[in-house]
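Please look at the sequence and the model first.

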Amino acid sequence: MSINKFMKVAIDEARQGIHANHGGPFGSVIVKDGIIIGKGHNRVLINHDPTHHGEISAIRDACSKLKTHDLSGCEIYTTGEPCPMCLCACMWANIKKVYYGCTIDDNSKIGFRDSRFDKLLGGRENIKDYLVCIDRDACLELFDEYNHLKDHQVY
Ligand SMILES: [Zn+2]
């Protein structure tokens, strides 16, 4: 299976997080001009922070490295379709494109509540060009791995 090289890094990032019990199987990488400038994974459990999703973690890392709040010209690769909070965070950061692996429905299948919040807030159909699904099968393998971890948590 040929996987996008940036998505592969996002999956590896997520995998490190789940085996360290930091949080769910969500890793993200931010790329500018073909170079990775930030990455992160879900740290909700380890940081006791419900907002510390993978995308937020990667945005913070990239902004800190570039010393800016503006990620214009950047793309994000993330293992799961962004929740409404992260989707807005990507827009606030001026990220130009979101590449995601698993869908919101896939997130639901392993127990996360993204679908509930997305139904409540909606509007995703208006930004279809902004969100591009790639490498879903590889990300589903990651989700499956998480699902089979002993003591894994959903929140
Ligand atoms: Zn999120």
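Aromatic pairs, sheet and zinc site

Q: How many aromatic pairs does the count come to?
A: Rings of Phe, Tyr and Trp (its six-membered ring) pair if their centres lie within 6.5 Å; planes under 30 degrees apart count as stacked, over 60 as edge-to-face and the rest as tilted. By this rule the count is 6 aromatic pairs.

Q: What is the angle between the planes of F6 and Y77?
A: This is a predicted model, in which local features need pLDDT of at least 70 and side-chain atom pairs count only at pLDDT 80 or more, while totals for chains, interfaces and linings use all residues. Residues are numbered from 1 along each chain as its sequence is written, and side-chain values use heavy atoms, with hydrogens and water left out. F6 and Y77 form a tilted pair at 5.2 Å centre to centre, and the angle between the planes is 45 degrees.

Q: How many residues apart are F6 and Y77?
A: Helices (H or I, at least four residues) and strands (E, at least two) are DSSP runs, numbered from the N terminus. F6 is in helix 1 (residues 5-19) and Y77 in strand 3, so by these elements the pair links distant parts of the chain. The two are 71 residues apart.

Q: Are F6 and Y77 buried or exposed?
A: Relative accessible area decides this: under 20% is buried, over 50% exposed, and in between partly exposed (1.4 Å probe, protein chains only). Both F6 and Y77 are buried.

Q: Which strands are the edge strands of the sheet?
A: Two strands pair if DSSP finds at least two bridges between them. The open sheet of 5 strands has mixed pairing and the order 2-1-3-4-5. Each edge strand pairs on one side only, and these are strand 2 (35-41) and strand 5 (131-133).

Q: Which residue is the bridge partner of S28 in strand 3?
A: Strand 1 (residues 27-32) pairs with strand 3 in the antiparallel sense over 5 bridges. The bridge partner of S28 in strand 3 is T78.

Q: Which residues are the protein donors of the zinc ion?
A: Donors are N, O and S atoms within 2.8 Å of the metal (3.2 Å for Na, K and Ca); water is not among the atoms, so sites may look incomplete. Along the chain the donors follow the spacing H-x29-C-x2-C. Lying 2.0 to 2.3 Å from the zinc ion, they are H53 (ND1), C83 (SG) and C86 (SG).
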